[in-house]
Amino acid sequence: MNVIRFNPQNANTIYIGTACGGIWKSTDAGVTWTGLEDFLPSLSIADIAINPRYPDSIYVATGDGYGYESGPYDFWGGLYTAGILVSPDGGQTWNPTGWSRSQVDRDIIQRLQLNPGNPDILLISTRNGVFRSVNCGTTWTQVKTGHFYDIEFRPGSSDTVYTTNGSGLYRSVNKGQSFTLLNTGLGGGRVSLAVTQANPDIVYSLSETGTFKKSTNNGQSFTLTASKPTDVITMYGYYDCVLAASPLNQDIVFVGGMDVV
């Protein structure tokens with residue numbers, strides 16, 4: 001299972017995206033599940049984004065976003081991405097958007113985000129750059145080149161958004177039209193980010209090498225914490241590097257790896 005998303009207006013409705021098993025939906029808080037489509041162009045699902053204003057409008061980033069990746073052309077995961085798909089009816093039917101790929105393109109989407117203040121604006125981070133759409137995915141513009149991993153909006157803001165490549169944090173203050181490098185030295189390889197509504201100034205970062213850092217000034221600077229996740233957890237490379245922060249308590253952070261000791 002790669003991703004879990006809740007309907008923002010009804011927490012009993014849940015969507016999951018799997019590494020090779022397609023998209024599943026529950027309308028009873030996870031008691032029962034229904035597979036939504038067995039004939040998508042890719043049954044590997046990297047990410048799901050739900051329109052907060054119209055929650056039956058759902059975007060899916062296809063491809064196994066964090067299957068084992070070695071070099072620019074070697075991928076031991078599920079399928080490469082087939083692009084971004086959209087459903088207007090809660091997952092009953094699916095249509096391609098303007099960002100489509102075939103398996104021969106060997107592309108991978110790592111993260112999909114809708115602008116919280118204007119969900120017509122979409123951002124994706126991929127192994128070949130960051131792309132942006134301002135018309136619900138119909139057309140796209142590449143705004144960064146390179147391999148980028150996570151994307152997070154500053155809580156309470158639709159203008160400020162963060163993204164990461166193998167070591168640096170980039171910030172946009174214009175809804176993702178352009179990004180400026182703020183910091184390097186966040187680790188190496190995949191870098192995951194976490195923000196919290198409890199304190200919008202905080203940004204946490206975790207690299208696949210186990211480097212864990214915290215910023216209290218919107219990413220302007222980062223410091224190592226006194227303790228680190230690798231004291232109690234084993235990182236397992238590129239595909240086990242999950243980071244989240246509580247929206248209610250800025251000091252509660254969750255990390256996913258392979259072994260917890």
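Two strands count as paired when DSSP finds at least two bridges between them. Strands themselves (E, at least two residues) are DSSP runs, numbered from the N terminus. The model here is predicted, so local features need pLDDT of at least 70 and side-chain atom pairs count only at pLDDT 80 or more, while totals for chains, interfaces and linings use all residues. Residues are numbered from 1 along each chain as its sequence is written, and side-chain values use heavy atoms, with hydrogens and water left out.

With that in hand, let us look at an open sheet of four strands, which runs in the order E15-E16-E17-E18 with antiparallel pairing. Strand E15 (151-153) and strand E18 (180-183) are at its edges; each has a single partner strand, so one side of each is left without a neighbour in the sheet. On average, neighbouring strands of this sheet are turned by 30° against each other, direction ignored; the axes behind such angles are lines fitted to C-alpha atoms, and angles run from 0 to 180 degrees between N-to-C directions.

Strand E16 (residues 161-164) and strand E17 (residues 169-172) run antiparallel and are joined by four bridges. Thr 164 stands opposite Leu 169 in E17.

The loop between E16 and E17 holds Asn 165. Is Asn 165 buried or exposed? Asn 165 is buried, because its relative accessible area is 18% (buried means under 20%, exposed over 50%, and partly exposed in between, with a 1.4 Å probe and protein chains only). Its side chain reaches the backbone nitrogen of Gly 168 at 2.7 Å, and a polar contact of 3.3 Å links the side chains of Asn 165 and Tyr 170. A polar contact is a pair of N or O atoms within 3.5 Å; within protein, one must be able to donate a hydrogen and the other to accept it, and residues adjacent in sequence count only if both atoms are side-chain atoms.

## The sheet E19 to E22

Another open sheet of four strands has the order E19-E20-E21-E22, again with antiparallel pairing. Its edges are strand E19 (191-195) and E22, each with a single partner strand, so one side of each is left without a neighbour in the sheet. E19 and E20 pair over five bridges, and the bridge partner of Val 191 is Ser 207 in E20.

Four bridges join strand E20 (residues 203-207) to E21, and the two run antiparallel. They form a hairpin with four residues between them, where Gly 210 in the turn has a positive phi of about 95°.

## Both faces of E21

In a regular strand the side chains alternate between the two faces of the sheet. From strand E21 (residues 212-215), Phe 212 and Lys 214 point one way, Lys 213 and Ser 215 point the other way, and all are buried.

E21 and strand E22 (residues 223-224) pair in the antiparallel sense over two bridges.

## Two methionines

Met 1 lies in the segment before strand E1 (3-7) and counts as exposed because its relative accessibility is 64%.

Met 235, in the loop between strand E23 (233-234) and strand E24 (242-245), is buried, with a relative accessible area of 13%. Met 235 and Thr 209 are 26 residues apart in sequence and 7.1 Å apart in space, C-alpha to C-alpha.
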